[in-house]
Amino acid sequence: MRYSGLKVITEGLFGNKGWKPAWRNPAPKAEYDAIIIGGGGHGLSTAYYLAKNHGMTNIAVLEKGYLGGGNVGRNTTIVRANYFLPGNTEFYSHSLKLWEGLESELNYNVMHSQRGLINLFHSDGQRDAFARRGNAMINHGDDAVLLDRDGVREMLPYLDFEQTRFPIYGGLLHARGGSARHDAVAWGYARGADMRGVDLIQNCEVTGIDIENGKVVGVQTTRGAIKAKKVGMIAAGRSGQVAAMAGMRLPIESHVLQAFVTEGLKPVIDHVISFGMGHFYISQSDKGGLVFGGDLDFYASYAARGNLPMVEHVMEAGMTLMPMIGRAKVLRSWGGIMDMTPDGSPIIDKTHIEGLYIDCGWNYGGFKAVPASGWCMSHLMATDTTHELAKRFRLDRFATGHLLDEEGTGSQHNQH
């Protein structure tokens, strides 16, 4: 079924009785050409591009719960391409270009809104750092505008410009940045993959990875054994646990990142705003809720919930930046399990086991990377060669020391 405005009107007039399921609910087959472990944004986009770009249709996506029930539905939905280091900047620039054509590509409304991202800076040193980052973005072909204090005040008059502890010196505007609807991204890729013959198998937890003579031959699941020539591990915060089934220890830690949403309010925040002195970021959803978050909970955990000290920290940062937020009622919070690498950049690579591939370590960049991650991972799985955009995301860089330390904070997981 192709979605269109005419279809919506027609169904509305005739009782919405003609809609079909967005994807099938098949039973697992005995064998596939490729299996993807993880039915989140990255796993679903990998399956979609394997089918679309490489003609592989005998594929299964195995998800232990429901599609999109992990990190892709537990984030603050920010889409941006304001990275600095070679390796990261090309990758995220390509991802943003894919975002810009995604709704047409998938025939699905992912609510991609290029409302603009503004990173505030609060000192001369931060201004210099953002000026340098903006120049790098422009040199690469992306957009960046350095705003002074008055420029920020004109666009964001509701911020507290009178505070003396964290004065606002200006901001870096990335106009093509913005947000998207997280659930819709997962649903759109799931529908697109299913249309091309991919089996999306929910409630199917992988419990083991079968390896013979250094080569992967399939997986064990709660719904029986499934054979496969190739297996992609794309399990976000659970990547370490999945890789352990193959005898691997990944250089990642899993931390909880909390997010919050308020009651629906009239439109007030037109952009995505990042507070440079409190690691606080906020936007307003299409339903009117203020969506915001902050730092990680600074201890390793697999619990999809947070702790109260970090709630207090995030609320303090929000009140410091924009005191008006204190009048809003927080409706709910949630936690995503973040797979943190020592340098803050991802891993897309083959493993030492033939036919076994890994896509993990997305830190804060997971949601915005969904399209390009699937694009590059599908290329790797289909051709056994690394895509040019992911050539620096090698697993062995942690052994060689060729790190991609985007923030310059050193090789410590929870600092990224």
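This is a predicted model: local features need pLDDT of at least 70, side-chain atom pairs count only at pLDDT 80 or more; totals for chains, interfaces and linings use all residues.
I started with how covered Asp343 is: its relative accessibility is 0%, so it counts as buried (buried is under 20% relative accessible area, exposed over 50%, partly exposed in between, with a 1.4 Å probe and protein chains only). Numbering runs from 1 along each chain as its sequence is written, and side-chain values use heavy atoms, with hydrogens and water left out.

**Asp343, continued**

I placed Asp343 in the loop between strand 16 (330–340) and strand 17 (347–350); helices (H or I, at least four residues) and strands (E, at least two) are DSSP runs, numbered from the N terminus. Leaving aside residues up to four places away in sequence, I found that Asp343 touches Arg397, Phe398, Leu403, Leu404, Asp405, Glu406 and His416 (contact means heavy atoms within 4.5 Å). Phe398 is 55 residues from Asp343 in sequence, yet their C-alphas are 8.6 Å apart. I also noted that a polar atom of the Asp343 side chain lies 3.2 Å from the backbone nitrogen of Ser345.

**Salt bridges**

I got 17 salt bridges for the structure, each a side-chain nitrogen of Lys or Arg within 4 Å of a carboxyl oxygen of Asp or Glu.

Glu406, one of the Asp343 contacts, forms a salt bridge with Arg133, the closest N and O atoms being 3.0 Å apart. Glu406 sits in the segment after helix 11 (397–400) and Arg133 in helix 5 (residues 124–139), so this pair ties together parts 273 residues apart in sequence. Both ends are buried: Glu406 has 11% relative accessibility and Arg133 has 18%.

Next I looked at Lys229 and Glu31, whose closest N and O atoms are 3.8 Å apart. Lys229 is in strand 11 (residues 224–233) and Glu31 in strand 1, 198 residues apart. Lys229 is partly exposed at 46%, and Glu31 is partly exposed at 42%.

Arg176 bridges to Glu100 at 2.8 Å between the closest N and O atoms. Arg176 is in the loop between strand 6 (170–174) and strand 7 (178–179), Glu100 in helix 3 (residues 88–100), so the pair joins parts 76 residues apart in sequence.

**Cysteines**

How many disulfides does the whole structure hold? My search found zero, taking a disulfide as a pair of cysteine sulfur atoms within 2.5 Å. For Cys376, the nearest cysteine sulfur is that of Cys360, 15 Å away. Cys376 is buried, with a relative accessible area of 1%, and Cys204 is also buried, at 1%.

Conventions
A polar contact is a pair of N or O atoms within 3.5 Å; within protein, one must be able to donate a hydrogen and the other to accept it, and residues adjacent in sequence count only if both atoms are side-chain atoms.
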